[in-house]
Structure formats: C-alpha cells, structure tokens
Amino acid sequence: MDDTFLVASELINNAIQETPGKNICFRLSRDAIYVVVAVWDSSPALPQTRPRTQPTLETLDLTPQGWDDNGGWGLPLVVALAADCGCKPDPQGGKWVWARLKP
C-alpha cells in the first residue's frame, strides 16, 4: 500500500503543479488484478520527465516553496513502481494520468 500512496502523491502533486488553483480529480479503483490510481487535470500538456539530479546537502532546497522540487524523480518513481502507467486525453478536455499497481 505504501507504493500506491507514493504513486498517488506524485500524480496528484504533478496535477497541482500543472494547473495551480484549478480543480483536479483523483480516482482510486481496483480491477481483477490491479489497484488503479488516476488523476485528471485540465491541462492538455503531457507529463514530461525532468532530468534527474542527485541533490546534495548544499543543493537541497528545504524551503516550503521548493522542498518538493529536488531532483525530477517523480515520474521515474511512478514508472518503477507501477506495473503499467500512461496518460490519456479526456474528450471533455484535460487529461487522465494513471498507474496500475499490484496490491
């Protein structure tokens, strides 16, 4: 369950950063095999993996504004933990970013 929490946290955080001040939608479900985490935001922009960096004590930003922007590891973590993941445009606008995880 820790993996599901981490993946949900990453996807929600990415949606909030992509559409600050706007609504997002979170969906957690289970099919026959997987737990499915899905997050919708109103931006049509596809998720982009940022270059990963290895933070050091000198470069680590622990300020409230920057503590979650230390290295670009979010989407690679999702890919590593999920059995499958992706992004699908929503016909009504925006996109769904989703991940399937083994429970």
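**Reading the fold**

The accessible surface of the chain is about 7,100 Å², and carbon and sulfur atoms account for 57% of it. The model is predicted.

Q: Which elements does the chain contain, and in what order do they run from the N terminus?
A: Start with the inventory, then the order. The chain has two helices and four strands. From the N terminus they run α-β-β-α-β-β.

Q: What share of the 103 residues is buried?
A: Buried residues make up 31% of the chain. Sequence separation of contacts is another overall figure. Take contacts between residues at least 6 apart in sequence: 53% of them join residues at least 24 apart.

Q: In what order do the strands lie in the sheet?
A: The four strands form an open sheet, β1-β2-β4-β3, with antiparallel pairing. The edges are β1 (24–30) and β3 (84–89), and each of these pairs on one side only. Neighbouring strands are turned by 15° against each other on average, direction ignored.

Q: How many bridges join β4 to β2, and how many join β3 to β4?
A: Take each pair in turn. β2 and β4 run antiparallel and are joined by seven bridges. Within that pairing, Trp-40 has Trp-96 of β4 as its bridge partner. β3 and β4 (residues 95–101) are also antiparallel, with six bridges. Here Gly-86 stands opposite Trp-98, and Cys-85 stands opposite Ala-99.

Q: Which residue of the β3 and β4 hairpin takes a positive phi?
A: Look between the strands. The hairpin has five residues there, and Gly-93 takes a positive phi near 120°.

Q: Is β4 largely enclosed or open to the outside?
A: Count buried residues along the strand. In β4, six of seven are buried, so the strand is largely enclosed by the rest of the structure. Setting aside residues up to four places away in sequence, Val-97 touches Leu-11, Val-37, Ala-38, Val-39, Pro-47, Gly-86 and Cys-87.

Q: Is Thr-4 buried or exposed?
A: Compare its relative accessibility with the cut-off. Buried means under 20%. Thr-4 has 8% relative accessibility, so it counts as buried. Thr-4 lies in helix α1 (residues 2–18). Leaving aside neighbours within four places in sequence, Thr-4 is in contact with Leu-28, Val-35, Val-37 and Leu-101.

Q: Which residues of α2 are buried, and what covers them?
A: List the buried residues, then look for their cover. In α2 (residues 74–81), Gly-74, Leu-75, Pro-76 and Val-78 are buried. Their cover includes α1, β3 and β4.

Q: How many disulfides does the chain have?
A: A disulfide is a covalent bond between the sulfur atoms of two cysteines. The test here is a pair of cysteine sulfur atoms within 2.5 Å. By this rule the count is zero.

Q: What are the relative accessible areas of Cys-85 and Cys-87?
A: Partly exposed residues lie between the buried and exposed cut-offs, 20% and 50%. Cys-85 has 29%, so it is partly exposed. Cys-87, at 28%, also counts as partly exposed.

Technical notes. Residues numbered from 1 in each chain as written. Predicted model: local features only at pLDDT ≥ 70, side-chain atom pairs only at ≥ 80, totals over all residues. Heavy atoms only, no water. Buried < 20%, exposed > 50% of the residue type's maximum accessible area, 1.4 Å probe, protein only. Contact = heavy atoms within 4.5 Å. Areas by Shrake-Rupley, 256 points an atom, 1.4 Å probe, with all protein chains shown as cover. Pairing = 2+ DSSP bridges. Axes fitted to C-alpha atoms, helices over the stretch in contact; angles between N-to-C directions.
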